[in-house]
Amino acid sequence: MSNPKVSVIVCTYNQENTIGRTLESILSQEVDFDYEIVLADDCSSDSTPEICKDYAARYPDIIRLSLNNPNKGIVDNYFDCIELCRGEYIADLAGDDFWVDNKKLAKQAAILDSDSYIVLCHAGWKAVYPDESPAESSIWCIPNEEYIKGGAELTLSLLRHEKEKNFIHLCSAMYRRDTVTALMQKYPQLFRNKWLTCEDFQLNVMLSASGKIAYIPDTVLHYTIGAPSISSDENPLKVIRFNIGVVKLTLRLAEVLGVAKSSLADYFASVMQYIIMQYFVHGSREGKKLVNDLLREEEIPLSLKNRITLVLGSNNITWNIARKIRGYIKRRQILPLIFALILYDLTLGS
């Protein structure tokens with residue numbers, strides 16, 4: 001095959017139950033151009049590698065398989081795949097998600113072909129549970145009308161994490177390979193860093209700052225929720241580490257783009273309260289250390305609420321009492337609450 005028009009990245013890890021469905025949804029695309037699938041298994045411990053090898057053997061002209069050993073992690077695995085891509089355009093699909101529009105690639109390639117200033121085209125999506133039943137609709141699954149946007153306003157909105165206004169699900173998107181590889185070369189710190197915990201946010205922000213973003217409201221993607229992931233809530237320490245990585249990345253992106261921290265104050269107040277409460281509520285000393293290390297390393301605008309929560313967690317006695325008070329309030333236990341408040345007052349007064 002000569003260089004394909006589109007490269008589709010599929011990063012997978014321990015997804016033996018879904019990777020076949022993912023690949024089939026790509027292979028069913030109806031296009032009049034060549035495309036390739038850059039498939040990278042990240043040292044899975046289940047049968048995912050065998051399934052990937054079977055598909056690569058059946059579709060040798062389409063699938064280019066990498067079997068990582070040792071595990072690289074999602075960030076390095078993803079950007080390694082970008083460097084392997086040969087297509088003019090890149091799309092990607094996670095190993096537990098699947099496309100539901102057989103013309104997804106054709107539609108988005110046509111849009112990118114139509115205007116060289118459009119650097120990314122994304123589309124509508126729906127959340128589903130692992131059994132493919134529909135999940136509650138996300139407020140991020142918006143808007144309902146197509147658009148072409150560009151300029152500082154969209155970039156600032158993405159930097160502020162205003163997901164209810166502007167959200168780009170990268171598995172619904174297609175973007176220009178040359179634009180991304182140029183960004184990776186110019187700003188390597190945004191794409192290759194030991195503390196990075198995500199691979200999509202920096203791509204969306206930097207692409208929005210590099211050209212126009214197009215959107216079509218057609219639902220092309222079913223996004224699987226309800227399974228453990230790097231950003232899910234089943235482990236407070238994982239949640240803290242993930243969000244700290246996103247905070248650091250937001251700061252670095254703001255520096256590169258010349259955006260003042262003060263213009264992102266609402267985001268920092270919200271995310272820091274969320275991170276602080278993760279260790280505060282679960283009593284995680286390791287989580288507390290991670291937060292304190294972040295605050296020592298970075299100058300982050302903190303709200304009054306952030307500062308109060310940090311003060312309550314700074315002393316073990318006040319931390320434990322405050323946690324008990326919070327628990328009583330949530331359970332509406334009035335007498336224990338009154339006792340805890342008296343004890344709290346005595347503690348502060350001693």
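Q: Cys-121, buried or exposed?
A: Buried: the relative accessible area of Cys-121 is 0%. Keep in mind that this is a predicted model.

Q: How many disulfides does the structure hold?
A: Zero disulfides are found in the structure.

Q: OK, overall picture. How many helices and strands in the protein?
A: The protein has 13 helices and nine strands.

Q: What share of the residues counts as buried?
A: 49% of the 350 residues.

Q: And the contacts, what percentage join residues at least 24 apart?
A: 80%, counting contacts between residues at least 6 apart in sequence.

Q: Helix packing next. At what angle do H9 and H11 pack?
A: About 20°, and the axes of H9 (residues 265-282) and H11 (residues 304-314) are 9 Å apart. H9 is therefore roughly parallel to H11, as angles under 35 degrees count that way.

Q: Which hand is the crossing of H9 and H11?
A: It is a left-handed crossing.

Q: Which residues make the contact?
A: From H9, Phe-268, Ala-269, Met-272, Gln-273, Ile-276, Met-277, Tyr-279 and Phe-280. H11 contributes Lys-305, Asn-306, Thr-309, Leu-310, Leu-312 and Gly-313.

Q: How do those divide into nonpolar, polar and charged?
A: The H9 and H11 contact has nine nonpolar residues, four polar and one charged.

Q: Now H5 and H7. How do their axes cross?
A: At roughly 160°, with the axes of H5 (residues 152-159) and H7 coming within 8 Å. H5 is thus roughly antiparallel to H7, because angles over 145 degrees fall in that class. The crossing of H5 past H7 is left-handed.

Q: Which residues meet there?
A: Leu-154, Thr-155, Leu-158 and Leu-159 of H5 meet Phe-201, Asn-204, Val-205 and Ser-208 of H7. The contact of H5 with H7 divides into five nonpolar residues, three polar and no charged.

Q: What are the buried residues of H6?
A: Thr-179, Val-180, Thr-181, Leu-183 and Met-184.

Q: And what do those pack against?
A: The buried residues of H6 pack against H3, E6, E8 and H7.

Q: What comes between H6 and H7? I'm looking at Leu-196.
A: A loop, and Leu-196 lies in it, between H6 (177-186) and H7 (201-208).

Q: Leu-196, buried or exposed?
A: Leu-196 counts as buried, with 8% relative accessibility.

Q: What is Leu-196 in contact with, leaving aside neighbours within four places in sequence?
A: Val-75, Gln-189, Leu-190, Phe-191, Gln-202 and Leu-249. As for Arg-241, its C-alpha is separated from that of Leu-196 by 9.6 Å, and the two are 45 residues apart along the chain.

Q: Switching to backbone geometry. Where is there a cis peptide bond?
A: Between Asn-69 and Pro-70, with omega about 10°. Pro-70 lies in the loop between strand E3 (63-67) and helix H3 (74-84).

Q: What is phi for Cys-43?
A: Positive, about 65°, although Cys-43 is not a glycine. Most residues other than glycine have a negative phi.

Q: Where is Cys-43 found?
A: In the loop between strand E2 (35-41) and helix H2 (48-58). Cys-43 is partly exposed, at 29% relative accessible area.

Q: And phi of His-161?
A: Near 60°, also a positive value in a residue other than glycine. His-161 sits in the loop between H5 and strand E8 (174-176) and is buried, with a relative accessible area of 19%.

Q: Last one, Asn-144. Where does it lie?
A: Asn-144 is in the loop between strand E6 (118-128) and strand E7 (147-149). At 70% relative accessibility, Asn-144 counts as exposed.

Q: How far apart are Asn-144 and Asp-218?
A: 8.6 Å from C-alpha to C-alpha, and 74 residues in sequence.

Notes: Residues are numbered from 1 along each chain as its sequence is written. This is a predicted model: local features need pLDDT of at least 70, side-chain atom pairs count only at pLDDT 80 or more; totals for chains, interfaces and linings use all residues. Side-chain values use heavy atoms; hydrogens and water are left out. Helices (H or I, at least four residues) and strands (E, at least two) are DSSP runs, numbered from the N terminus. Buried means under 20% relative accessible area, exposed over 50%, partly exposed in between (1.4 Å probe, protein chains only). Axes are lines fitted to C-alpha atoms, for helices over the stretch in contact, and angles run from 0 to 180 degrees between N-to-C directions. Angles under 35 degrees count as roughly parallel, over 145 as roughly antiparallel, 65 to 115 as roughly perpendicular and the rest as oblique. A crossing is left-handed if the near helix is turned anticlockwise from the far one by less than a right angle, and right-handed if clockwise. Contact means heavy atoms within 4.5 Å. Ala, Val, Leu, Ile, Met, Phe, Trp, Tyr, Cys and Pro count as nonpolar, Asp, Glu, Lys and Arg as charged, and the others, Gly among them, as polar. A disulfide is a pair of cysteine sulfur atoms within 2.5 Å.
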